[in-house]
Amino acid sequence: MEAEPPLYPVAGAAGPQGDEDRLGVPDGPEAPLDELVGAYPNYNEEEEERRYYRRKRLGVLKNVLAASAGGTLTYGVYLGLLQMQLILHYDETYREVKYGNMGLPDIDSKMLMGINVTPIAALLYTPVLIRFFGTKWMMFLAVGIYALFVSTNYWERYYTLVPSAVALGMAIVPLWASMGNYITSFPVVRDRGWPAGNPGCRKWHLAEVGLGRAFSPLWSRMAQKYYEYSHYKEQDEQGPHRRPPRGSHAPYLLVFQAIFYSFFHLSFACAQLPMIYFLNHYLYDLNHTLYNVQSCGTNSQGILSGFNKTVLRTLPRSRNLIVVESVLMAVAFLAMLLVLGFCGAAYRPTEEIDLRSVGWGNIFQLPFKHVRDFRLRHLVPFFIYSGFEVLFACTGLALGYGVCSVGLERLAYLLVAYSLGASAASVLGLLGLWLPRPVPLVAGAGLHLLLTLSLFFWAPAPRVLQHSWILYVAAALWGVGSALNKTGLSALLGILYEDKERQDFIFTIYHWWQALAIFAVYLGSSLPMKAKLAVLLVTLVAAAASYLWMEQKLRRGVVPRQPRIPRPQHKVRGYRYLEEDNSDESDVESERGGGGGGGGGRGDGVEEEALPAGPRVGPEPACPYEQALERDRSEER
């Protein structure tokens, strides 16, 4: 009687095909090691490489969309809540019935002061926070502070609103500096691309890709990274340590900036949803609110002089307010989850260590040292104007011209027109792909110049709706100019400053000047409209002239003087030293052969010379698989 075959094949025993499995590889102790760790018979290296980098590119797009959606939701919730809160607190009846003698106007003034004054100190701590927490975690922390501000409105008291407003003011510049840094740039790829030549290395790499933790880390800082994932074959031919050509990532940078600002400008429309679907049902019409208003537009003084102190026809129930605030809180929490769950890491772990290992004193000083770069000095007027024009759209144009003449109930629709115009016009930033670089910025400045001159001579009559279409057209056109300004300025900074060691400093300086401009608008809110328009006009002309002067200098070949970035200094060793080359070296140092001592950053105004392409000299560095085997052997010894 024959013995029944075992239910499971015994390891090392001959199967139904003798000593070979179904792939033709000998089984058991006689099987050669090379066959076990080698490539699969049907393995197509080129196809797997193509699929791998396609997943990388899709991951970069996912990061850009997630960061854009997170920023849109965050800013939309913040603006919507602040607008609804200020309108409710402005009404005399609401203050007396709900809060009695608590001094709500004083609390609101201190809250606005905390939001507008605190960012003045942001230049001192923003680079340190970004380097300490990392770009992605700084974004997440700042979005969480915005959510904290929303949550304090459940219990409106001095000790809840004012501290949360101060915390929000501290988070404004770090949020937008880290988000601009995240969208714009990336670190140079330091891995060796797709492993080739050693079947063991290929199998190790495929296993790590399958586990979602490939040796090349997650998508790091988006625009140039997408370029590298799209041109990986060229990089393999040029060598692993060759820098990509300067400006090669510019097309992707323009596309990503257009995507980001198309989303971001929609936040102004999202902020009007509580107004349209909730608060407008409680407002008086324009005949009541504008009864004592005598002049609008260029003849107006301050903000809504003569506006009625009671704007609410009936008071909203507390339960309805709690429902609206709960919806806003849920959206803020969704923005946090988007940043946390869908935004990939901005740097490799090794690069995070490198960036903060230049010394905290150097990180603190470098934003100030970048002032020696003439390009930044020439762009400062544009940074200031960028803050002026956004505040003018929300206060001067929307309130001084819009609400003053057509009533508070149409404020939301004016800002929606501005938002949709800016969002649609953000796509015009792609004109930089075909036109000279100054065209989008100068075109936006020219459009704003025409609108400012027109508004200088226009004073709409109060309580007259015949000219309301002019207001909507003006708001939409102002949004077009804002979109060209924002996309052009952010893309220009990403093109001028490609180095990963500088981008957080550059965007910190940009948004810090914007915050100073917003603070100046806050201080000058009581000025006549003609004075506001004059300041806006002078700043705009100075910004355009200064920018064109900078472009002229660059065309003449004037070399910018940049501060040297110190070389990272590490005190410990760990997993990050597995590679044969020194991961602490910057790209300039590796191209120069590691010379230069402790000051191995970029010199003042010195552009790097790329090493000539050619075959690699010396033994090929070991792949992770071989390194792991070597570590095991050393441990056994």
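Predicted model: local features only at pLDDT ≥ 70, side-chain atom pairs only at ≥ 80, totals over all residues.
1. Residues are numbered from 1 along each chain as its sequence is written, and side-chain values use heavy atoms, leaving out hydrogens and water.

2. Start with the salt bridges (a side-chain nitrogen of Lys or Arg within 4 Å of a carboxyl oxygen of Asp or Glu). The whole structure has seven. In one of them, Arg 51 pairs with Glu 47, with the closest N and O atoms 3.1 Å apart. Another joins Asp 106 to Lys 110 at 2.9 Å between the closest N and O atoms.

3. Now look at Arg 410 and Glu 409, whose side chains also form a salt bridge (3.1 Å, N to O). Arg 410 is partly exposed at 22% relative accessible area, whereas Glu 409 is buried at 16%. Buried means under 20%, exposed over 50%, and partly exposed in between, using a 1.4 Å probe and protein chains only.

4. What about Glu 325? This residue is buried yet has no salt bridge; Lys 98, the nearest side chain of opposite charge, is 9.6 Å away. Beyond its neighbours within four places in sequence, Glu 325 has contacts (heavy atoms within 4.5 Å) with Leu 81, Val 150, Asn 153 and Tyr 154.

Note on methods
Lys, Arg positive; Asp, Glu negative; His and termini not counted.
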